[in-house]
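Good morning, and thank you for the time. I would ask you to look at the sequence and the structure together while I go through the charged pairs, the sheet and one surface patch.

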Amino acid sequence: MLRRVDALAVLADPVRRRIVEYLADSEVPAGELVEVMDAEFGLVQPATSRHLRRLREVGLVRSRPDGARRLYSLDPGALREIDVWLDQFRGLWSSALSALDAEIRRGKSPPRSETT
């Protein structure tokens, strides 16, 4: 439970969410992540490294050496844990979304003509 809560707190930061999004497609060298974070957020290498370390600490991201460079990837297990925890709330979202959908449909129906 604590790991999930920590992971959600870590993901509250937009830079960390962007790193997770960027890693969704494939394993990426640290240098590439630094370039992306610099271009999108103006972050220098030490700041990006701190974000990556925090993501590793809560288990969202893994790293492995590859010669002189370090490769980063998502840890699907941590994301599954978050998904399992969020599952208890999906029923709330579903009913709220159904009610919203009904309101939208009602608002889109043609106006009733009034007889004068």
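Let me begin with Glu103, which is partly exposed at 45% relative accessibility; the class lies between buried, under 20% relative accessible area, and exposed, over 50%, with a 1.4 Å probe and protein chains only. The model is a predicted one, in which local features need pLDDT of at least 70 and side-chain atom pairs count only at pLDDT 80 or more, while totals for chains, interfaces and linings use all residues. Residues are numbered from 1 along each chain as its sequence is written, and side-chain values use heavy atoms, with hydrogens and water left out.

Glu103 meets Arg106 in a salt bridge at 2.3 Å, N to O, where the term requires a side-chain nitrogen of Lys or Arg within 4 Å of a carboxyl oxygen of Asp or Glu. Both residues lie in helix α6, three residues apart, about one turn of the helix; helices are DSSP runs of H or I with at least four residues, strands are runs of E with at least two, and both are numbered from the N terminus. Arg106 is exposed, with a relative accessible area of 55%. Elsewhere, salt bridges with shared partners join Arg18, Glu21 and Glu40 into one network. The count of salt bridges comes to seven.

Which residue forms a salt bridge with Arg64? The partner is Glu27, with the closest N and O atoms 2.8 Å apart. This pair links distant parts of the chain, 37 residues apart: Glu27 is in the loop between α2 and β1, and Arg64 is in strand β2.

I turn now to the sheet. Three strands form an open antiparallel sheet in the order β1-β3-β2, where pairing requires at least two DSSP bridges between two strands. β1 (28-29) and β2 (61-66) each have a single partner strand and stand at the edges, so one side of each is left without a neighbour in the sheet. Helix α2 (residues 14-23) packs on the sheet and touches β1, β2 and β3, contact being heavy atoms within 4.5 Å. The direction of α2 makes about 90° with that of β3.

Finally, Leu97, Leu100 and Ile104 form a nonpolar surface patch with about 280 Å² of accessible area together. Of these, Ile104 is placed in helix α6 (residues 90-108) and is partly exposed at a relative accessible area of 40%.

Definitions and conventions
Patches are made of residues with over 30% relative accessible area and no salt bridge: like charges are joined within 9 Å, nonpolar side chains (Val, Leu, Ile, Met, Phe, Trp, Tyr) within 5 Å. Accessible areas come from the Shrake-Rupley method with a 1.4 Å probe; for residues, only the protein chains shown count as cover. Axes are lines fitted to C-alpha atoms, for helices over the stretch in contact, and angles run from 0 to 180 degrees between N-to-C directions.
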